[in-house]
Amino acid sequence: MYRLFVAVPIPDNIKNSLLRLKANISGAKWTQEDQLHITLKFIGEVEGQVFREIRNKLSEIKMDQFQLQIKGVGYFPPGSSSKRSVPKVLWAGIEEITFLTRLRNRIEGSLNECGIKRESRKFNPHITLVRLKNSHFHNITDFLSIHSTFKSDSFPVGEFRLYSSKLLPGGVVHTIE
C-alpha cells in the first residue's frame, strides 16, 4: 500500500529563507527542511497496480517552466481566533498561482483517468511550516504579525514529483517515487 501525494519541490535557498522564520511557539512542531514542498494533490492510499498507473500517467504530463514566489504567512483552519478553534497549521503562501493552478488542474485530470477523484475544495497552495498542538494564540498572532510581509526571491518551477509518505513514530518520511 502506498500513501501518495504530488508536490513541487522547493529549492534549497528558498528553504533556507523559510527556516529563518522559525520562532519559539509553544506546542509547535516545525517542518523539517527536507520535507518542505508545495502540495498539488494528496492522493491517499493506493495499491501497487494503481500506483503504477498513477506514476505512468503523471510521467506523461509535460510542462513549461514558470516562476513562483512565496509571500506572507497564515494559518489553518481559517477564522480560528476563538479558544474553541485554535490554529492547527502555520503556512507560507504562494504569490501569483496562475501557472501553478494550471499544472494542478492537468494533474487532477490525469489522476481522474486513474480513478482518483478530483479535489472538491478550492486550491490553496501553501508550504506547511508548523503543526500546532495546544499553542497559545498570542504566540501565533505574534508570529503572523512579525512575518506578514515575508517575501522570498522568485524561483523557477520546472518539475513536480510523486511522493510516498510514511507515518512513523518520529514523524513523517517522504520518498520521491
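In the predicted model described here, R104 and E108 are both buried, that is, under 20% relative accessible area with a 1.4 Å probe and protein chains only, where exposed denotes over 50% and partly exposed the range in between. The two side chains meet in a salt bridge at 3.3 Å, N to O, the criterion being a side-chain nitrogen of Lys or Arg within 4 Å of a carboxyl oxygen of Asp or Glu. Salt bridges with shared partners join K41, R104 and E108 into one network.

A search of the whole structure finds seven salt bridges, among them that of K57 with E113, whose closest N and O atoms are 2.5 Å apart. K57 is partly exposed at 23% relative accessible area, whereas E113, at 56%, is exposed.

Five strands form an open antiparallel sheet in the order β2-β6-β5-β4-β7, pairing being assigned if DSSP finds at least two bridges between two strands. Strands β5 (residues 89–95) and β6 (residues 126–132) pair over five bridges, and G93 has H126 as its bridge partner in β6.

Residues are numbered from 1 along each chain as its sequence is written, and side-chain values use heavy atoms, leaving out hydrogens and water. As the model is predicted, local features need pLDDT of at least 70 and side-chain atom pairs count only at pLDDT 80 or more, while totals for chains, interfaces and linings use all residues.

Definitions and conventions:
Helix = DSSP H or I, 4+ residues; strand = E, 2+ residues; numbered from the N terminus.
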